[in-house]
Amino acid sequence: MAYGIYRTQLKDGSPSYRVSFYHEKKHIAIGSYPSGKEAQDALDEALRFYDDSSITIDNFSTHLFFISPDKAVSILNHRDNGVYFRTPIYLMNGYFLYFLKGKGALKFDNDDLFYYSTHRILIHDGHLYVNDYGSQYSLFQRYGIRNYAVRGTDYEFANGDPLDLRYENVIVKNPYNGVRETDNNGFIRYETRIHVRGYYTIGTFHTMQQAAIAYNKAVDFLQSHGSKKNYVKNYITDLSAEEYQEYYDKIQLPEKFVRTFTPCK
C-alpha cells in the first residue's frame, strides 16, 4: 500500500481502504474508500489542499472531488492558522466560521470556539442542534431562545443575516413561553395565551414580565386541577422573589378559564 493508505476489511469481508497521514505531527484521518484507487485520489487531494495556496476557504468547494467538505475545512484551517479541529471550523479575525452542508458558513464568537470544536452541529427538519450528554439541544437555546420561537416575533438578527450567530447579532425579543407582543395603535402590550385543547387568552399586560408571570399562574392552576401536560414555566431573573409574588397575587385568571378547567364536584 502507498503511504497513508491502509487496507482493512468490512464485517462482510469486502475490502476497505483507510486514508490517514501525519502532517506537522498532527494525525489527519480522511476516511475509508471501497477501492485503492479512490483512496489514492483522496490522499492526493488532501495533500494538494495543504500544498496549493491557490485553494482558499472561499473557493475550496470547486476543488473538492474525493474528500468531504468537513475534512477540507479542517485541513485549510490547519494549513492557514496552525490549528486542526475535528469539526469544520475556520478561524477568522475575532470570530470563526463553522461550515455546515446545506446551510453555508455560520459565524460564531470566539467565546464559543471550545464548545463547537468538541460538538458537531446537526440539522433536523431545518433546525440546528447538537448532541450533548445524550440529549439534543437547539443552537438557539444558548441565546435564551425557546424551541419553536418565531423569527421576527421572538427573536431577530441585527444585520438580517440568519447565519451570523455572534451574540451581538442575535436579538432576543421575547424569552418567555406563552407571551407575545402586540401593538395597538402604537401602544405596546404583552398578551398571555396558553394552549389547552386550543388557545386561551389569559390577559394583556403592560410588561413582558407580568405577562410571563400570568402564564406561570395559569400553569399552576391547570396543574393543581389535574392537568398532566408538561408545561414549561417561565424563569424570570430580573425580579426579586417579593416582586414576583406581588405581581403573581394581583393577577386574576379569567372567569371563563377558571370555570372551564375546574372539575365538577
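A pocket is an open set of grid points, where a 1.4 Å probe fits, with protein on both sides within 12 Å along at least five of seven lines. In this predicted model, the largest pocket holds about 840 Å³ of space. Its lining comprises 30 residues, and those closest to the centre are Arg146, Tyr176, Asn177, Gly178 and Tyr215. Three elements, namely strand E12 (179-184), strand E13 (187-195) and helix H4 (208-224), each contribute at least two residues to this lining. The largest share, three residues, is supplied by E13. When the lining of the largest pocket is divided by class, twelve residues are nonpolar, eleven are polar and seven are charged.

Two of the strands that line the largest pocket, E12 and E13, also pair with each other. These strands run antiparallel and are joined by six bridges. Within this pairing, aspartate 183 is placed opposite isoleucine 188 of E13. The two strands form a hairpin, with two residues between them. In the turn of this hairpin, asparagine 185 has a positive phi of about 55°.

The second largest pocket has a volume of about 530 Å³. It is lined by 23 residues, of which Gly126, His127, Leu128, Ser138 and Phe140 are the closest to its centre. At least two lining residues come from each of strand E8 (127-132), strand E9 (135-138) and strand E10 (155-157). By class, the lining of the second largest pocket consists of 13 nonpolar, seven polar and three charged residues.

Strands of a sheet pair through backbone hydrogen bonds, either parallel or antiparallel. In the present model, three strands make up an open sheet with the order E1-E2-E3 and antiparallel pairing. Strand E1 (5-9) and strand E3 (26-33) each have a single partner strand and stand at the edges, so one side of each lacks a neighbour in the sheet. From one strand to the next, the twist averages 25°.

The pairing of E1 with E2 is antiparallel and extends over five bridges. Tyrosine 6 faces arginine 18, which belongs to E2. A hairpin is formed by E1 and E2, with five residues between the strands, and glycine 13 in the turn has a positive phi of about 90°. Phenylalanine 21 has isoleucine 28 in E3 as its bridge partner.

Two helices lie across strands of this sheet. Helix H1 (residues 36-51) lies across E1, E2 and E3 and runs at about 20° to E2. Helix H2 (residues 69-81) lies across E2 and E3 and runs at about 160° to E3. The axes of H1 and H2 come within 9 Å of each other and cross at roughly 35°, and the crossing is right-handed. In the contact between these helices, Ala46, Phe49 and Tyr50 of H1 meet Ala72, Ile75, Leu76, His78 and Arg79 of H2. By class, this contact of H1 with H2 contains six nonpolar residues, one polar residue and one charged residue.

How values were computed:
Residues are numbered from 1 along each chain as its sequence is written. This is a predicted model: local features need pLDDT of at least 70, side-chain atom pairs count only at pLDDT 80 or more; totals for chains, interfaces and linings use all residues. Side-chain values use heavy atoms; hydrogens and water are left out. On a 1 Å grid over the protein atoms alone, a cavity is a set of points where a 1.4 Å probe fits but cannot get out, and a pocket is an open set with protein on both sides within 12 Å along at least five of seven lines; lining residues have an atom within 4 Å of a point. Grid points are joined across faces, edges and corners, and a volume is the space filled by probe spheres set on the points. Helices (H or I, at least four residues) and strands (E, at least two) are DSSP runs, numbered from the N terminus. Ala, Val, Leu, Ile, Met, Phe, Trp, Tyr, Cys and Pro count as nonpolar, Asp, Glu, Lys and Arg as charged, and the others, Gly among them, as polar. Two strands pair if DSSP finds at least two bridges between them. Axes are lines fitted to C-alpha atoms, for helices over the stretch in contact, and angles run from 0 to 180 degrees between N-to-C directions. Contact means heavy atoms within 4.5 Å. A crossing is left-handed if the near helix is turned anticlockwise from the far one by less than a right angle, and right-handed if clockwise.
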